[in-house]
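The following exercises are to be worked with the sequence and the structure in view. Each task is followed by a solution in steps.

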Amino acid sequence: MHEPVTTMKQHQTHVETINDPDQLQAWRETAFTAALQKYKANHDNIETILQTGEAFGRAIHSAHLTRTDEWDLDDWCTEASRLLAPLGDAFSVTHAQSDVVATFLRRNPLTHQHHNDPLDALFTYGTLRGLFRSAFPDGELVLTRPTTTDTPASLYFKLHPSSLDRLTRERVKESISVM
């Protein structure tokens, strides 16, 4: 199913090569479908979409990434981008510091498959947040601009978020619930 684990750079960050992109895409589609079913069963509670996306992100992390003490934000962005590529997701780093990375989510295939439904955007945010917080449990994924038909989502991966940044998850849920 997977090729052997390969070592990146001179330290001990490992990434398993994803041998079958179709399998990973099917895994995401199954997780998203389960999220939608839970959403309907829980009387349109969007928390279920977000929680399922976060669980999917954590599952991707545990299945494909191994963190060491030398892991840094730059390494994580490189490996997360490589890991998400078979899913069709892509983000561009526009500004990087040791504790903050600004990005744009350039491609989100769920948006195209499900006709730009806000629930797919919430699931993708949850997936990225789950993936990021698996590597950096004290960090936060801050959404500064949601995806529209004309512009990509603007995100910050922050290792040391402010108390206001920690409220991003709730603000994202509120913005989706009013759509």
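**Exercise 1: The exposure of R145**

At 33% relative accessibility, R145 counts as partly exposed. Task: explain why R145 is placed in this class, and state which strand holds R145.

Solution. The model is a predicted one. Step 1: a residue is buried under 20% relative accessible area and exposed over 50%, with partly exposed in between. Step 2: R145 has 33% relative accessibility, and therefore counts as partly exposed. Step 3: R145 belongs to strand 6, which covers residues 140-145. Step 4: although R145 and V172 are 27 residues apart along the chain, their C-alpha atoms are separated by 9.9 Å.

**Exercise 2: The span of helix 5**

Task: determine what span the 18 residues of helix 5 should have, and compare this with the distance between its end C-alpha atoms.

Solution. Step 1: the expected span is 1.5 Å times one less than the number of residues. Step 2: for helix 5 (residues 118-135), this gives 26 Å.

**Exercise 3: The surroundings of H61**

Task: decide whether H61 is buried or exposed, and state which residues H61 touches, leaving aside those up to four places away in sequence.

Solution. Step 1: H61 is found in helix 2. Step 2: the relative accessibility of H61 is 9%, so H61 counts as buried. Step 3: with residues up to four places away in sequence left aside, H61 touches L131, S134 and A135.

**Exercise 4: The protein as a whole**

Task: state how many helices and strands the protein has, and what percentage of its residues is buried.

Solution. Step 1: the protein contains six helices and seven strands. Step 2: along the sequence, they follow the pattern β-β-α-α-β-α-β-β-α-α-β-β-α. Step 3: of the 179 residues, 46% are buried. Step 4: the protein exposes about 9,100 Å², of which carbon and sulfur atoms supply 52%.

**Exercise 5: Confidence in the model**

Task: identify which element has the lowest mean pLDDT and which the highest.

Solution. Step 1: the mean pLDDT of the protein is 75, and 72% of the residues reach 70 or more. Step 3: the pLDDT is below 50 over residues 1-17, a stretch that has 41 contacts in the model beyond near neighbours in sequence.

Conventions. Residues numbered from 1 in each chain as written. Predicted model: local features only at pLDDT ≥ 70, side-chain atom pairs only at ≥ 80, totals over all residues. Heavy atoms only, no water. Helix = DSSP H or I, 4+ residues; strand = E, 2+ residues; numbered from the N terminus. pLDDT = per-residue confidence, 0-100. Contact = heavy atoms within 4.5 Å. Buried < 20%, exposed > 50% of the residue type's maximum accessible area, 1.4 Å probe, protein only. Areas by Shrake-Rupley, 256 points an atom, 1.4 Å probe, with all protein chains shown as cover.
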